[in-house]
Amino acid sequence: MKNLDRYKAFIDDLVKLRPCVESVWVQENAWPRLPQNEPINQLLDVLTSEQKSILSAMLQQARDGGIHDTLAYLNERITLDGLQIVVQGSELPVEPFDTELHYDWVCRTQGDEWPDNK
């Protein structure tokens, strides 16, 4: 596998991790039925469908923000401090499309093709 393909797989693997299970639990009206989740489930029981949709979207946005911020941090460390991401013994290319890790991730979450596939 070429290094560019490894870079693209790295980003696409993070896109696959994007869906937030907690967001799904809100939509399905319950977190796992465990004693520690009882307060959460009591709250979900009184929310309207619209409120659950809003809460679900907020949870997804929080997860997206965490992934985005982590990639922005990694990109900064790569470009400023020489951090390297190595996959299967090969260093991933740095900004192969002249865009940052987090930018590439956002584009892929939006369904954009890779620039070299257009």
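A crossing of two helices is left-handed if the near helix is turned anticlockwise from the far one by less than a right angle, and right-handed if it is turned clockwise. In this predicted model, the crossing of α1 and α5 is right-handed.

Two packed helices are described by the angle between their axes and the distance between the axes.

| Helix pair | Angle between axes | Axis distance |
|---|---|---|
| α1 (residues 3-16) and α5 (residues 101-109) | about 60° | 9 Å |
| α4 (residues 49-81) and α5 | roughly 145° | within 7 Å |

Angles from 65 to 115 degrees count as roughly perpendicular and those under 35 degrees as roughly parallel; α1 and α5 are therefore oblique to each other. On the α1 side, Y7, F10, I11, D12, L14 and V15 meet L101, D104, W105, R108 and T109 of α5. The residues of this contact comprise 7 nonpolar, 1 polar and 3 charged.

In the other pair, α4 contributes D64, I67, H68, L71, A72, L74, N75 and I78, which meet L101, H102, W105 and V106 in α5. Here the division is 8 nonpolar, 3 polar and 1 charged. L101 and W105 of α5 take part in the contact with α1 and also in that with α4.

The structure has 1 cavity of 30 Å³ or more. The space in the largest cavity is about 80 Å³. Its lining consists of Y7, N75, I78, L83, Q84, I85, E91, L92, P93, V94, E95 and L101. By class these are 8 nonpolar, 2 polar and 2 charged residues. Among the lining residues, Y7 also belongs to the α1 contact with α5, and N75 and I78 to the α4 contact with α5.

Key
Residues are numbered from 1 along each chain as its sequence is written. This is a predicted model: local features need pLDDT of at least 70, side-chain atom pairs count only at pLDDT 80 or more; totals for chains, interfaces and linings use all residues. Side-chain values use heavy atoms; hydrogens and water are left out. On a 1 Å grid over the protein atoms alone, a cavity is a set of points where a 1.4 Å probe fits but cannot get out, and a pocket is an open set with protein on both sides within 12 Å along at least five of seven lines; lining residues have an atom within 4 Å of a point. Grid points are joined across faces, edges and corners, and a volume is the space filled by probe spheres set on the points. Ala, Val, Leu, Ile, Met, Phe, Trp, Tyr, Cys and Pro count as nonpolar, Asp, Glu, Lys and Arg as charged, and the others, Gly among them, as polar. Axes are lines fitted to C-alpha atoms, for helices over the stretch in contact, and angles run from 0 to 180 degrees between N-to-C directions. Helices (H or I, at least four residues) and strands (E, at least two) are DSSP runs, numbered from the N terminus. Angles under 35 degrees count as roughly parallel, over 145 as roughly antiparallel, 65 to 115 as roughly perpendicular and the rest as oblique. Contact means heavy atoms within 4.5 Å.
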